[in-house]
Amino acid sequence: MQPQPAPGTVADRLATVRGRIAAAADAAGRGPEEVRLLVATKTQTADAVLEALAAGVDLIGENRVQELVAKAPAVAGRLADGTLQVHMIGHLQRNKINQVLATATGLETLDSLDLARAISDRCVRDGRTGDTALDVMVQVNVTGEDSKSGVGPEDAGALATAVAALPGLRLTGFMTIGARLEGSSEQTVRAGFARLRAIRDEVLASGAPGTGSATELSMGMTGDLELAIAEGATIVRVGTAVFGPRPAP
Ligand SMILES: *Cc1c(COP(=O)(O)O)cnc(C)c1O
């Protein structure tokens with residue numbers, strides 16, 4: 001079955017998503033400004049992305065390097081004037097590091113020290129250290145499912161500490177995809193998010209060099225953003241609720 005176009009405009013649906021975020025933050029005793037909306041733009045056209053930007057979006061995420069590069073010219077002005085951030089939220093292959101560094105402002109899917117070292121080395125070679133180092137998050141597979149990328153929860157702290165010490169990278173926090181709400185209970189989904197928060201808190205408390213900036217928790221999507229916000233999400237990544245259902249791959 002082909003997905004039906006979602007009713008309303010991108011701007012209308014963004015307003016609805018922002019309402020959901022504000023209500024969830026309020027219910028959790030948090031301010032709406034404590035949760036940033038990242039709009040996941042995979043499979044969307046550059047025009048659809050521009051529509052979202054016109055409606056006030058300042059953070060987008062791409063899954064595939066090819067799409068990141070293809071849409072880069074459309075958002076180049078906003079990247080150059082610093083009013084847009086672009087995060088890579090899909091798995092990154094080593095041979096694509098240069099393309100990501102040229103177009104993305106951050107990488108949320110770091111899950112190995114080898115990859116981290118390769119990116120850091122490239123940044124150092126390009127003179128990107130200190131304030132211009134690449135923002136990265138460690139992706140954690142909180143459910144332990146084989147099908148998901150990310151480092152296991154038991155290894156996340158050690159990886160984060162090692163990443164934080166690399167000169168070309170700035171560790172900003174942790175990301176997870178989480179358990180699917182269909183097929184697991186709300187409790188299971190929430191427990192995964194809580195696990196990510198506990199990992200972050202432990203790394204922050206360690207005081208290890210470079211870990212002080214690791215405050216972000218990127219978790220929660222269209223189906224479970226309320227649960228993620230209840231567990232402390234600082235970034236929710238939303239695609240379907242903004243653009244409508246994606247065609248099946
Ligand atoms: C597609 C995607 C999202 C958004 O998912 P929706 O359910 O469409 O909101 C978030 N994070 C990642 C890593 C994604 O690939």
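Which residues in α5 are buried? Select them and look: L115, A116, A118, I119, S120 and C123 are buried, where buried means under 20% relative accessible area, exposed means over 50%, and partly exposed is anything in between (1.4 Å probe, protein chains only). Helices here are DSSP runs of H or I with at least four residues, strands are runs of E with at least two, and both are numbered from the N terminus.

Before going on, some ground rules. This is a predicted model, so local features need pLDDT of at least 70 and side-chain atom pairs count only at pLDDT 80 or more, while totals for chains, interfaces and linings use all residues. Residues are numbered from 1 along each chain as its sequence is written, and side-chain values use heavy atoms, with hydrogens and water left out.

**Stop 1: α5 and its surroundings**

Stay on α5 and show what its buried residues pack against: α4 (97-103), β4, β5, α6 and β6. Contact here means heavy atoms within 4.5 Å. Now check the helix length. The expected span is 1.5 Å times one less than the number of residues; for the 13 residues of α5 that should give 18 Å, and the end C-alpha atoms are 18 Å apart, which agrees. Following α5, pick G127, whose phi is positive, near 75°.

**Stop 2: α6, a helix with a buried face**

Next, select residues 153-164, which make up α6. Its 12 residues should span 16 Å, and the end C-alpha atoms are 17 Å apart, in agreement. Color P153, A156, L159, A160, V163 and A164, which are buried. Look down the axis of α6: these buried residues fall within an arc of 125°, so they line one face of the helix. What covers the buried residues? Among the elements doing so are β4 (106-110), α5 (113-125), β5 (134-139), β6 (169-175) and α7.

**Stop 3: R30**

Jump to the loop between α1 (10-27) and β1 (36-40), where R30 sits. R30 is buried, with a relative accessible area of 15%. Show its contacts: leaving aside residues up to four places away in sequence, R30 touches A25, V35, I229, G232, A233 and T234. The R30 side chain also reaches the backbone oxygen of I229 at 3.0 Å. That is a polar contact, meaning a pair of N or O atoms within 3.5 Å; within protein, one must be able to donate a hydrogen and the other to accept it, and residues adjacent in sequence count only if both atoms are side-chain atoms.

**Stop 4: salt bridges**

Side chains of opposite charge can pair when their charged atoms come close. A salt bridge is counted when a side-chain nitrogen of Lys or Arg is within 4 Å of a carboxyl oxygen of Asp or Glu. How many salt bridges does the structure hold? There are 10.

Start with R30 again, which pairs with E34, the closest N and O atoms being 3.4 Å apart. E34 is partly exposed, at 39% relative accessible area.

Then select R190 and E231, whose side chains meet in a salt bridge at 2.8 Å, N to O. This pair links distant parts of the chain, 41 residues apart: R190 is in helix α7 (residues 186-206), and E231 is in the loop between α8 (225-230) and β8 (235-238). R190 is partly exposed at 33%, whereas E231 is buried at 9%.

Another pair to show is R200 with D201, at 3.0 Å between the closest N and O atoms. R200 is buried at 13%, and D201 is partly exposed at 35%. Finally, pick E62, E67 and K71, which are linked in a network of salt bridges.

**Stop 5: the ligand**

Select the ligand and show what surrounds it: 13 residues, the closest being K42, N63, T222, T240 and R246. Here, a residue counts as near if one of its heavy atoms lies within 4 Å. An oxygen atom of the ligand is 2.5 Å from an N or O atom in the T222 side chain. For R246, a ligand oxygen is 2.8 Å from a side-chain N or O atom. With R237, it's a ligand nitrogen, 2.9 Å from an N or O atom of the side chain.

**Last stop: T43**

End in the loop between β1 and α2 (46-54), where T43 lies. Its phi is near 70°, a positive value in a residue other than glycine. T43 is partly exposed, with a relative accessible area of 45%.

Notes:
Arc of directions from axis to C-beta.
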